[in-house]
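Colleague: I would like to learn how to read disulfides in a model. Can you take me through it?

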Amino acid sequence: MNIQAVAFFVFLSALCAGNIHPITARLNIYTGATGGNGTFTCHYPGHFNRIFLCKDDCKGENILVETDADLAVNGRYSVQYRKEKGVKSVSALIITITDLKKSDSGRYSSGFGWADYPRFHCDVQVRVTDAPVHGKSGFAYTYVEGETNTHGCRSDPLPGGWKFLCRGNCVKEEDILVETNGNAAQRGRFSLEYSTRSLFGLEMTISNMTRSDTGWYRCGYGRALTSDSYNTFPLIVIADPSSTESPPLTTEKTSTDPSSTESPPLTTEKTSADPSSTESPPLTTETTSDSSWLIFQNTLPTGHLVPLVICVCVAGVLMLIILILYIRKKTRSNSLI
């Protein structure tokens, strides 16, 4: 094997290695109220008997739960294992923190395996405040300024074809953000779209969100100020916390996870009462077609799969060519002896 081939292979390997690095993505953030209870769920592409929950550095007293059981409670913390129905080889851990305190704010890691050597894990950021917009009704998924939120407006269509998006209780014209009798309408950063191909039918989108967008919203069918068919939901937007940057879910010990992007079933209440299903981000049109892909698209750093596959293929072909040349050279040398 000549030195040029070896040098080229080493160079190619280094080039590929430069492409094999995780994409950074912020952690999922959940906001809860002091004195309230909060629950979030993480999904995993597999199952392992041992489960754990820990906070921050996952050492010593920060290991909150570590057990071989399917359900474990340690004071105000509990972890429950659940096999997801209808999704092959997907497991879930349901984490609950009761009587929330300001000191509960921080980064939490849960998963399968051991806290200091996890097999699968996901990380989330928890915020506990005195008066979050959604009250004490559990955790509310929290957005970062600049992000886009698409939310399904699951409610019953009414005759006439009118659809609307409002802020607050929608009692005056100024509360109406979008109102249309068509299938799509946009007003600035706010838009509505109706599609029979969508799981929810009607969906609202708020783009380039700011902290001033924090509040309660309702969207549904009929005229905005008189409708009785709508869905209400809270929206919390915060400044970008740089400390919540984290790579995606992985099976390696050194990686961390954004998130389970599990999306809860959207409420269909026709009042503005606080819904308890706000523990996870709303579904988007891209995530409703295949629930297993919804989970696994956050498991692998897909943005680097293409260069990784190309590098592996090229490296394999190069190795094969070098092996063939070496065998031919060896055979030719033996025939001359």
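Modeller: Gladly. Bear in mind that this model is predicted. Start with the pair C42 and C122, which form a disulfide with sulfur atoms 1.8 Å apart.

Colleague: What cut-off makes a pair of cysteine sulfur atoms a disulfide?

Modeller: The two sulfur atoms must lie within 2.5 Å. C42 and C122, at 1.8 Å, therefore qualify.

Colleague: How many disulfides does the rule give?

Modeller: The count is 4 disulfides. Among them is the link of C54 and C58, with sulfur atoms 1.9 Å apart. Another of them joins C166 and C170, where the sulfur atoms are 2.0 Å apart.

Colleague: Which hand does the link of C42 and C122 have?

Modeller: Read the angle about the S-S bond. For C42 and C122 it is 60°, and the link is right-handed. The link of C54 and C58 is right-handed too, with 60° about its S-S bond.

Colleague: Which parts does the pair C42 and C122 tie together?

Modeller: Look up the element that holds each cysteine. C42 sits in strand β3, residues 38–44, and C122 in strand β10, residues 117–129. The pair therefore ties together parts 80 residues apart in sequence.

Colleague: Are C42 and C122 buried or exposed?

Modeller: C42 and C122 are both buried. Buried means under 20% relative accessible area.

Colleague: Why does C58 count as buried?

Modeller: Because its relative accessibility is 12%, which is under the 20% cut-off.

Notes: Residues numbered from 1 in each chain as written. Predicted model: local features only at pLDDT ≥ 70, side-chain atom pairs only at ≥ 80, totals over all residues. Heavy atoms only, no water. Helix = DSSP H or I, 4+ residues; strand = E, 2+ residues; numbered from the N terminus. Buried < 20%, exposed > 50% of the residue type's maximum accessible area, 1.4 Å probe, protein only.
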